[in-house]
Amino acid sequence: MTDSSGRSPRATLRAIAGPIVRRTRAWAGLATGASARARARLDGSCAAVLMYHRVLPSARARRLHVEPGMYVTPETFARHLDWLAESFALLSLAEIVEHLESGAGLPRGACALTFDDGWRDNLEYALPALRARGLPATIFAVSDRVGTTGAFWPDEVCRRLAPLGARERTAVLRGVGLPLAPESGEGVEAALLALKALDEAERGDVLEGIRRATKGGAAAFAEERELLDWNELDRLAEQGVSIESHGASHAILTGVSRVRAQEELTRSLAVLRARGHARLGLLAYPSGAFDDTVVELARAAGYRAAFTTQVGLASRGEDGLRQPRVAVHEDISRSRAEFLRFVPGAARAANAAAGDDHADAEAHA
Ligand SMILES: [Zn+2]
């Protein structure tokens, strides 16, 4: 079976897994000092658009089996803000988009904060830290999921697979016939990558298989509301956080029909605007997945700019609907030096390692 772009699931899997291998090389490259050159690129022509997901105390992240790439602790987030304030110019995403569109120079070290998915912990833990420092941010919300309980399917898969031993997990994955890339192993991350490469119908079948094989595995979290509701989004907006679009249902837009992708993009923007949000018409592609068709659909739906999960700095040279970001998380936060090297360094080193291509960030967005 092929998706709307004509790719087979295996070809799509290779397309996703390849950049992960390159990313590993890119991270290795950071240690060799590529970051000094990278810093120079934040000279007013580019901006680092940082991508966060959740802000959670580590005990809660462990209890919910949140993947390491999906969160920072509140303490780490506060440290990031302090480090960024010392060395970067933190702007709203709107300011960055406007500067890039107009060609007006950006301040040196221009950077913006974004959060994908619309997690409730953004209000609980990120907002107080932002308010205390008077800093702007943008949340990309999934319009159908606002105020709903139950996790996104990748979270559910984590919660079902993470508690299992390696042998049991392998048995489950083989039992459902999930085609894992040979280089990615058989862990939870490999399973998520392989699932993301499937089209929606195929993925639904495999997810059902995983549910059957891990009965009761995620029941403990089913009633916990982890996503922001409309009133909470309004409160965030009143306090300087822009609410923009992350699709209607978080469907992976390269894995659904053209009609469905168009409908997802249009509906999300309309629903958010009906509530007074999405004022700029910004989009973060669900799971970072886009291709030429999706970009054109987004443009036609009225999005002014869109952000990927590819690693890089946003620049005027990029199509405004293919702007890369820098995924930040707990693992690159051990020291100020490490973090400040990572932010521009990740973008530059990843691009260098990937040649013309960009390297993908964490697969989850
Ligand atoms: Zn997402």
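**Burial, cores and confidence in a predicted model**

Of the 365 residues of the protein, 49% count as buried. The model is predicted.

Biologist: What makes a residue count as buried here?
Modeller: A count of neighbours. A residue is buried if 20 or more other C-beta atoms lie within 10 Å of its own. In this protein 49% of the residues pass that test.

Biologist: Which residues touch the most other members of the largest nonpolar core?
Modeller: Ala47, Val49, Leu50, Ile96 and Ala298, in a core of 83 residues. Strand 1, residues 46-52, gives the largest share of this core, seven residues.

Biologist: Why is the set around Val157 and Cys158 called another core?
Modeller: It has 15 residues, with Val172 and Ile210 also among them, and lies apart from the largest one. Core members must be joined through C-beta atoms within 7 Å, so a set that lies apart is a core of its own.

Biologist: What does Leu50 touch beyond four places in sequence?
Modeller: Cys111, Ala112, Leu113, Thr114, Arg325, Val326 and Val328. Each counts as a contact because the C-beta atoms lie within 7 Å.

Biologist: How many of the contacts between residues at least 6 apart join residues at least 24 apart?
Modeller: 74% of them. The secondary structure comes to 14 helices and eleven strands.

Biologist: Where does pLDDT fall below 50 or stay under 50?
Modeller: The mean is 83, and 81% of residues reach 70 or more. Over residues 1-38, though, pLDDT is below 50, with 76 contacts beyond near neighbours in sequence. Over residues 355-364 it stays under 50, with 40 contacts beyond four places. Where pLDDT is low, predicted coordinates should not be read in detail.

Technical notes:
Residues are numbered from 1 along each chain as its sequence is written. This is a predicted model: local features need pLDDT of at least 70, side-chain atom pairs count only at pLDDT 80 or more; totals for chains, interfaces and linings use all residues. pLDDT is the predictor's confidence in each residue, from 0 to 100. Two residues are in contact if their C-beta atoms, placed from the backbone, lie within 7 Å. A residue is buried if 20 or more other C-beta atoms lie within 10 Å of its own, exposed if 12 or fewer, and partly exposed in between; C-beta atoms are placed from the backbone. Helices (H or I, at least four residues) and strands (E, at least two) are DSSP runs, numbered from the N terminus.
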